[in-house]
Amino acid sequence: MTFDLVANDPASKARAGVLTTAHGTIQTPIFMPVGTAGTVKAVHQRELKEDVKAQIILGNTYHLYLRPGLNVLEKAGGLHKFNGWDKPILTDSGGYQVFSLSGTRKIIEDGVKFRSHIDGSSHLFTPENVMDTQRTIGADIIMAFDECTPYPCDYNYARNSMERTHRWLQRCIDRFDSTEGKYSYEQTLFPIVQGSTYKDLRIQSAETIASKNRPGNAIGGLSVGEPAEMMYEMTELVCDILPTDKPRYLMGVGTPANILENIALGVDMFDCVLPTRNARNGMLFTTQGIINIRNERWKEDYSPIDAELGGYVSTFHSKAYLRHLMHATEMLGAQIASVHNLTFYLWLVSQAREQILAGTFRTWKDQMVKKLMTRL
């Protein structure tokens, strides 16, 4: 994997770059739709490519490990062959999901014991077997096994968790570097900065992660309930330490405003379930602001969902029709809304990139943040 910086915004820390993987190139800044169990919910791969214009999608190690299971994925030739997506894929380590199972998991130095949310069966994730699992899934970019601390979090717990994450990282690196990919193409390991919302811990973690000299780095443990300003403060602190010549991935973020503000701080890659999850509940992100399509005011609005955005679903279907589908709980409603929101998110980061290249990102960003978060 290679990363080439193309431009820096003169009035912020925003960057535009090109990330090259075995399955294609990615223009940054980029948003990555989340395909938890091998699918971006309610969206066909053709729509992801042709309508959403996604350049990379996510898979989730925890969910894919449990179902369909590693034997099925390996026999298929990896996740790319299994789900038919021939562009880059990133898999998270499953750490976030495992630690979310607070009532059914136990942390030990070796790893984490947990019970499946599907059938209650017992499992153990270790740094080593999580690397092996992600080798079998076959993503282009794989994540180190870490602990994502909750918010709020006691300082001593955050420090101990961060130190454990660092020990686990070295074990991930040792296992990853001593094994080969299973499908004749290169995979890349990203370590993850932790430290909760404590400045000294974030600095220590960022310095540790930077010292590992991997091809890319991630920032975890944010967007877990802390105030947005605190997220921005931690992100800026970490981005100022992580190397400038490597991509920076802020995990699990966020709203359109979150994405633009973090691009301004030097982040290159984002993922979040928000656009699809909110779509299924009737919240649409548009070029004019936020719409709750279930509201009465859209009942007889026959204008396109978002004419300015473009794309098939956003210009072909009316607000009134989509509102009807949502109230009738028709599956097509969730599909249309999901494709629309993802198309908007990919449009947003592509517009950000254009503004960075033009040297006008900061002014544009300040205007867009206010506009995009207005409720219509």
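Begin by selecting strand β9, residues 122-125, where His 123 and Phe 125 make up the covered face while Ser 122 and Leu 124 make up the uncovered one; strands here are DSSP runs of E with at least two residues, helices are runs of H or I with at least four residues, and both are numbered from the N terminus. This is a predicted model, in which local features need pLDDT of at least 70 and side-chain atom pairs count only at pLDDT 80 or more, whereas totals for chains, interfaces and linings use all residues. Residues are numbered from 1 along each chain as its sequence is written, and side-chain values use heavy atoms, with hydrogens and water left out.

Then select Gly 120, which takes a positive phi near 80° in the hairpin of β8 and β9, where six residues lie between the strands.

Now move to helix α7, residues 155-177, and pick out Met 162, which counts as buried because its relative accessibility is 1% (buried means under 20% relative accessible area, exposed over 50%, and partly exposed in between, with a 1.4 Å probe and protein chains only). Show Gly 195, Leu 201, Gln 204 and Ser 205 as well, since Met 162 is in contact with these residues when its neighbours within four places in sequence are left aside; contact means heavy atoms within 4.5 Å. Finally, select Val 193, whose C-alpha is 8.3 Å from that of Met 162, although the two are 31 residues apart in sequence.

Conventions: Two strands pair if DSSP finds at least two bridges between them.
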